[in-house]
Amino acid sequence: RSWKPVLLLLSPPAFSTTCARCAKDRRLRQKRAISERQLTRYFVDQRKVRVVGGQGGGGGHSFYSEPRKVFGGPDGGNGGDGGHVIFKADQQMKSLSSVFPFYQGFNGERGGSKNCYGANGAHMYVKVPVGTLVKEDGKVVADLVQHGEEYIAAYGGAGGKGNRFFLSNENRAPTLFTPGEPGQERVLHLELKTAAHAGLVGFPNAGKSSLLRAISRAKPAVAAYPFTTLNPHVGIVHYQDYEQVAVADIPGLIKGAHQNRGLGMAFLKHIERCRFLLYVVDLSVPQPWIQLQDLKDELEAYEKGLSERPCVVVGNKIDLAQSRINLPLLREQVADRVIALSALTGDNLEELLLHLRELYDTYVRTEQAQGQSPVKW
């Protein structure tokens, strides 16, 4: 009987998998947007941490023994040292929410026979965001401002001595050995200060969040009520030469913020890290130059010299009729440069982006002239 082969044309599978049970959907899922209220649970800028170093291993207690050699002498090795607890700055970390309240280093192993030393305990590395302050009893003990910078928070204990260590001419068969020392124990306070190049400073509803959404890909919450932004947001402004300028949206300040009114000093500290400031003023309000003076007074009352940093005044909401009337009056009252724009319609954003790059280039040249490395994102 003659037969002909039949070719079955099967369509290729949608996904290359070897087992249906182990198959995974490789379709890209869109990242869901996190609201400001939900973000409050993720963004943490203060944390109290108890750190304990690893305990050292005990010393060994043994005597060398083999056939036809009865009195071999002591051969107990020393114990291994305990591991440290180390804070390491990582630019991928943006919050202290992943930092646990307790860390302990790994213990060292006990010394063995034949003069074998115990292994040292592994170090416990804790990743913290760049710009983290480490405080103990109210005093700053470390300032992690560079990526990869480390600080030993708790030292591990030293390993114990084996009985081989106590061998002497007077004592040829020592039985003494020491246990490992406990690790260092400390209670530290971690405080995060946003390390951005520029900071958006202004009163509530001045349009800071809308401006950050317009010049970067950050998406802070925007609404028609004060104190919409409860946490600092950092947006990255990209330029054609691959330079990146980080702009931080500081929550709205009010008069008396340096006395802990409103959101208070919880977010004034984030302005300390900013190299230059963008004062966002609502041009539609009566006498907007008074808002600018109040903002500078609050910054100066919080830290002397903070209001004297390089800055530019951003007059927002130029699309409104009252704003066009107040703009020439503001420029007469203010000595700093004023850039009028509209974050809602996108008018005159190019001038702000060009001046922002000028401020960034000036900061880079100043840091390099002083022999320091500028902060890069």
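# Close-up views: strands, salt bridges and a mixed sheet

**View 1. Aspartate 143 sits in strand E6.** What you're looking at is a predicted model, where local features need pLDDT of at least 70, side-chain atom pairs count only at pLDDT 80 or more, and totals for chains, interfaces and linings use all residues. Residues are numbered from 1 along each chain as its sequence is written, and side-chain values use heavy atoms, with hydrogens and water left out. Strands (E, at least two residues) and helices (H or I, at least four) are DSSP runs, numbered from the N terminus. Aspartate 143 is partly exposed, at 31% relative accessible area; on this scale buried means under 20%, exposed means over 50%, and partly exposed is whatever falls in between, using a 1.4 Å probe and protein chains only. Skip the neighbours within four places in sequence, and aspartate 143 is in contact with Thr132, Leu133, Glu149 and Arg273, where contact means heavy atoms within 4.5 Å. Threonine 132 is 11 residues away along the chain, and its C-alpha atom is 6.1 Å from that of aspartate 143.

**View 2. Strand E5 pairs with E6 and with E8.** Two strands pair if DSSP finds at least two bridges between them. E5 (residues 132-136) runs antiparallel to E6 (residues 139-144) over 5 bridges, with lysine 135 opposite valine 140 in E6. The two strands make a hairpin with 2 residues between them, and aspartate 137 in the turn has a positive phi of about 55°. E5 also pairs with strand E8 (residues 185-192), again in the antiparallel sense, over 4 bridges. Here leucine 133 has glutamate 191 in E8 as its bridge partner. As a reminder for reading strands, side chains in a regular strand alternate between the two faces of the sheet.

**View 3. Glutamate 136 and arginine 186 meet in a salt bridge, at 2.6 Å from N to O.** Glutamate 136 belongs to strand E5 and arginine 186 to strand E8, so the pair ties together parts that are 50 residues apart in sequence. A salt bridge here is a side-chain nitrogen of Lys or Arg within 4 Å of a carboxyl oxygen of Asp or Glu. Which partner is buried? Arginine 186 is, at 11% relative accessible area, whereas glutamate 136 is partly exposed at 23%.

**View 4. Glutamate 185 bridges to arginine 50, with the closest N and O atoms 2.8 Å apart.** This one links distant parts of the chain: glutamate 185 is in strand E8 and arginine 50 in strand E1 (residues 46-52), 135 residues apart. Arginine 50 is partly exposed, with a relative accessible area of 36%. Over the whole structure, the search turns up 9 salt bridges.

**View 5. In helix H6, arginine 357 and aspartate 361 lie 4 residues apart, about one turn of the helix.** They form a salt bridge, and the closest N and O atoms are 2.9 Å apart. Arginine 357 counts as buried at 16% relative accessibility, while aspartate 361, at 24%, counts as partly exposed. Through shared partners, salt bridges join Asp241, Arg357 and Asp361 into one network.

**View 6. Glutamate 367, in helix H6 (residues 349-369), is buried yet has no salt bridge.** The nearest side chain of opposite charge is arginine 275, 5.5 Å away; for charges, Lys and Arg count as positive and Asp and Glu as negative, with His and the chain ends not counted. Neighbours within four places aside, glutamate 367 is in contact with Gln372 and Pro374.

**View 7. An open sheet of 6 strands runs in the order E10-E11-E9-E12-E13-E14, with mixed pairing.** Its edge strands are E10 (233-238) and E14 (338-340), each pairing on one side only. Neighbouring strands are turned by 25° against each other on average, direction ignored. Axes are lines fitted to C-alpha atoms, for helices over the stretch in contact, and angles run from 0 to 180 degrees between N-to-C directions. Inside the sheet, E9 (residues 198-201) and E12 (residues 276-282) pair in the parallel sense over 4 bridges, and valine 201 stands opposite tyrosine 279 in E12.

**View 8. Helices H5 and H6 lie across strands of the sheet.** H5 (residues 321-333) lies across E13 (311-316) and E14, and runs at about 170° to E14. H6 lies across E9, E10, E11 (244-249), E12, E13 and E14, running at about 155° to E12.
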